[in-house]
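Welcome, and thanks for taking a look. Here is a short briefing to read alongside the structure.

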Amino acid sequence: MSESAPTADDTRRLAKEARDRVRFEEEALELSDQVYRVARRIAGSREEAEDLVQQAYERAFRSWRQYTPGTNLRAWLLRILTNLNIDRGRRQQRSPQTVPLDNEAGDYFLYNKLESQVSGENPDEERVLERLSQDSIVDALADVPHDFRDTIVLVDIGEFSYADAAQILDIPIGTVMSRLHRGRRILKKNLADKAVTA
Amino acid sequence: MIDWCDKCEEMMQPFLDGTLSDLEVAEAQSHLDKCSWCAKRYHFEERLRHYVRVAVTEPMPAELKAKLAALRTPLN
């Protein structure tokens with residue numbers, strides 16, 4: 001028995017699906033710079049970040065039907081990417097996962113330390129900020145334990161809401177808030193340790 | 001007696017994240033208006049967040065962008 005010819009409905013459905021798919025892929029590609037920006041700081045190296053982004057896009061393009069149009073596509077892509085990163089066992093992990101208590105200081109600690117290194121009374125904030133080199137900031141962030149770092153990267157670098165970060169990392173929103181609070185303090189302690197001394 | 005500088009330090013992150021209650025914002029703001037020591041540290045934190053975001057942002061390599069574009073489903 002020969003296959004029946006596609007009906008007009010089938011043709012219309014297939015054409016719509018092809019259009020939806022093209023639109024999905026275009027929208028996902030438009031977000032790739034932002035996805036890479038986050039991936040680069042979640043991953044341990046540039047090569048690893050590139051691999052992760054490529055794998056995430058391969059998986060996203062394969063499972064595009066699971067994406068609900070109208071929801072946050074950037075968060076959906078990052079969810080795939082962070083899951084892949086966990087699957088890979090964070091091979092390039094460079095920072096310890098336990099946080100010694102003395103690795104945290106209050107939120108004013110960094111400013112106080114940097115200000116004490118700047119000559120002159122009452123220096124303005126820009127001069128204080130100049131004590132931090134770009135390399136020292138990159139290193140200080142890389143040395144934050146990954147659970148805290150992932151949250152900082154999503155919220156402070158990727159500019160995701162707490163709710164989106166919670167969904168991406170599959171953790172409660174309260175955990176996002178506490179990791180962010182502690183993580184920023186650890187980051188500032190690291191920055192204080194790496195500040196330019198002159 | 002409340003040490004308002006200590007309290008302001010504790011409230012800095014939620015204040016800048018916009019997650020304090022209206023009452024807490026009013027309390028923090030009232031202290032910041034009077035205390036240049038805390039105000040300076042709040043302003044520094046705002047600048048620091050921006051500075052960190054810019055410092056750690058690397059442009060995506062062009063080759064990666066091309067690889068991603070090549071993953072698109074070919075049009076028939």
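The points below cover the fold of chain A, the nonpolar cores and the contact between the chains.

This is a predicted model. Chain A is built from ten helices and has zero strands. Its largest nonpolar core has 49 residues, and chain A meets chain B through a contact that draws 30 residues from chain A and 28 residues from chain B.

**Fold of chain A**
- Read from the N terminus, the elements follow the order α-α-α-α-α-α-α-α-α-α.
- Of the 198 residues in chain A, 33% are buried.
- Taking contacts in chain A between residues at least 6 apart in sequence, 74% link residues at least 24 apart.

**Nonpolar cores**
- Within the largest core of 49 residues, those with the most contacts include A:Val35, A:Val38, A:Ala39 and A:Leu81.
- That core lies between domain 1 (8-87) and domain 2 (101-194) of chain A, because both domains give residues to it.
- Beyond its neighbours within four places in sequence, A:Val38 is in contact with A:Leu78, A:Val153, A:Leu154, A:Ile157 and A:Gly158.
- There is also a second, separate core of seven residues, with B:Met11, B:Met12, B:Cys38 and B:Tyr42 among them.

**Contact between chains A and B**
- Chain A contributes 30 residues and chain B contributes 28 residues.
- On the side of chain A that touches chain B, at least two residues come from each of α1 (8-30), α2 (32-42), α3 (46-62), α6 (125-129), α7 (134-142), α8 (146-157) and α10 (173-194).
- Sorted by class, that side of chain A holds 13 nonpolar, five polar and twelve charged residues.

Definitions and conventions:
Residues numbered from 1 in each chain as written. Chains lettered and ligands numbered in written order. Predicted model: local features only at pLDDT ≥ 70, side-chain atom pairs only at ≥ 80, totals over all residues. Core = buried A, V, L, I, M, F, W, Y, C linked by C-beta atoms within 7 Å. Buried ≥ 20, exposed ≤ 12 C-beta atoms within 10 Å, placed from the backbone. Domains from an automatic or database assignment. Contact = placed C-beta atoms within 7 Å. Helix = DSSP H or I, 4+ residues; strand = E, 2+ residues; numbered from the N terminus. Nonpolar A, V, L, I, M, F, W, Y, C, P; charged D, E, K, R; others polar.
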